[in-house]
Amino acid sequence: MKNVLVIGSTGQIGSELTMKLRKQYHQGTIVAGYIPGAEPKGELLESGPSEIVNVCMAHQIAEAVDKYDIDTIYNLAALLSATAERLPLKAWDIQMNGLLNILEVAREKHCAVFTPSSIGSFGPDTPRDNTPQDTIQRPTSMYGVTKVATELLSDYYFHKFGVDTRSVRFPGLISYTTLPGGGTTDYAVEIYYAAVKGEEFVCPIAAGTYMDMMYMPDALNAAVNIMEADPRYLIHRNSFNIASMSFDPEEVYRAIKKHYPNFKMRYEVDPIRQAIADSWPNKMDDICARKEWGWTPRYNLEKMTADMIHNLKIKLGVLK
Ligand code: AKB
């Protein structure tokens, strides 16, 4: 990786990944691609170039790739699961037509491409516990449909045209920098904000609903390390299960209560998010990622909780 285009650079993953890449590859150019209305600000804007790159506009992708001699594209443009259920055609357009535009540019201009998949690529027929790397993928949400198709199309471009496509199946991602939006796992971020602000948390996901979750520093390492991996050892490409922790709302609530004993949570289950969560795995098996490219997470629930609370206090200006 030398010159990288991050599409969706102002979103939850993009805002942190762009900064990490700029620190790691300071001899190269890391371009923050964004759409009007989601402009980069502050450090993200000031620390490197940015360009309007809408995945649905193939010429914008091609122009940015030519202008900066891009060799790697991180494609982070997506509608998350709950929003995609509300706007299925828009989700298809961004996730599928957008991906096709990127893959075509990558084929012509010899770029590597990372497009994340998700725990959402699995469905109710998938084994729930220790979900294997290679298993049934029959998702019932539009988000899941686009994620499975993303995996297949990315593999197709690798086998047919030699485009260096690689990917991981992200769990719910937890971070204190940029809020997610429209996801089923968003509650696992919002609960920390409520605790630090001293507010009661109203949980949209039912007790007993386990999902894989991951702290952002681990997710960013995965996104960088998979693209750096020696291709000779990659049996899989699109996409690898990666896991670090799995919890239900009660477990994360208990972990936060160790820091805030008076913290209160009650449930108001959102039927759309709950139906999606019920169709996803409880916990994935990530042995292939560990063996093929050395995936190792650093954060568990306790360590993440301490770090989230520490950083949110600073961000929100909360003293105690
Ligand atoms: C979502 O909840 O939609 C995402 C995901 C797990 O892919 N965070």
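How many Å separate the centres of domain 1 and domain 2, taken over C-alpha atoms? The answer is 23 Å. Keep in mind that this is a predicted model. The ligand lies between those two domains, because both of them give residues to the shell around it.

**How the chain is divided**
- Domain 1 takes in 3-170 + 232-241, while domain 2 takes in 172-213 + 244-316.
- Where the two domains touch, domain 1 puts in 33 residues and domain 2 puts in 33 residues.

**Who surrounds the ligand**
- Going up the numbering, the ligand has Leu80, Ser81, Ser118, Ile119 and Tyr143 around it, along with Gly172, Gly183, Thr184, Thr185 and Trp280.
- Sorted by type, the shell has four nonpolar residues, six polar ones and no charged ones.

**Side chains that meet ligand oxygens**
- Serine 81 has a side-chain N or O atom 2.5 Å from an oxygen atom of the ligand.
- With tyrosine 143, the distance from a side-chain N or O atom to a ligand oxygen is 2.6 Å.
- For serine 118, a side-chain N or O atom sits 2.7 Å from an oxygen of the ligand.
- As for cover, the ligand on its own has 250 Å² of accessible area, and the protein covers 94% of that.

**The pocket**
- If you're looking for the largest pocket, it's the space that the ligand takes up.
- Back to the domains: the residues around the ligand come from both domain 1 and domain 2, so that's why the ligand is placed between them.

Key:
Residues numbered from 1 in each chain as written. Predicted model: local features only at pLDDT ≥ 70, side-chain atom pairs only at ≥ 80, totals over all residues. Heavy atoms only, no water. Near = heavy atom within 4 Å. Polar contact = N/O pair within 3.5 Å; in protein donor to acceptor, adjacent residues only side chain to side chain. Areas by Shrake-Rupley, 256 points an atom, 1.4 Å probe, with all protein chains shown as cover. 1 Å grid on protein atoms, 1.4 Å probe; cavity = no way out; pocket = protein on both sides within 12 Å on 5 of 7 lines; lining within 4 Å. Sits in = over half its atoms within 2 Å of the grid points. Nonpolar A, V, L, I, M, F, W, Y, C, P; charged D, E, K, R; others polar. Domains from an automatic or database assignment. Contact = heavy atoms within 4.5 Å.
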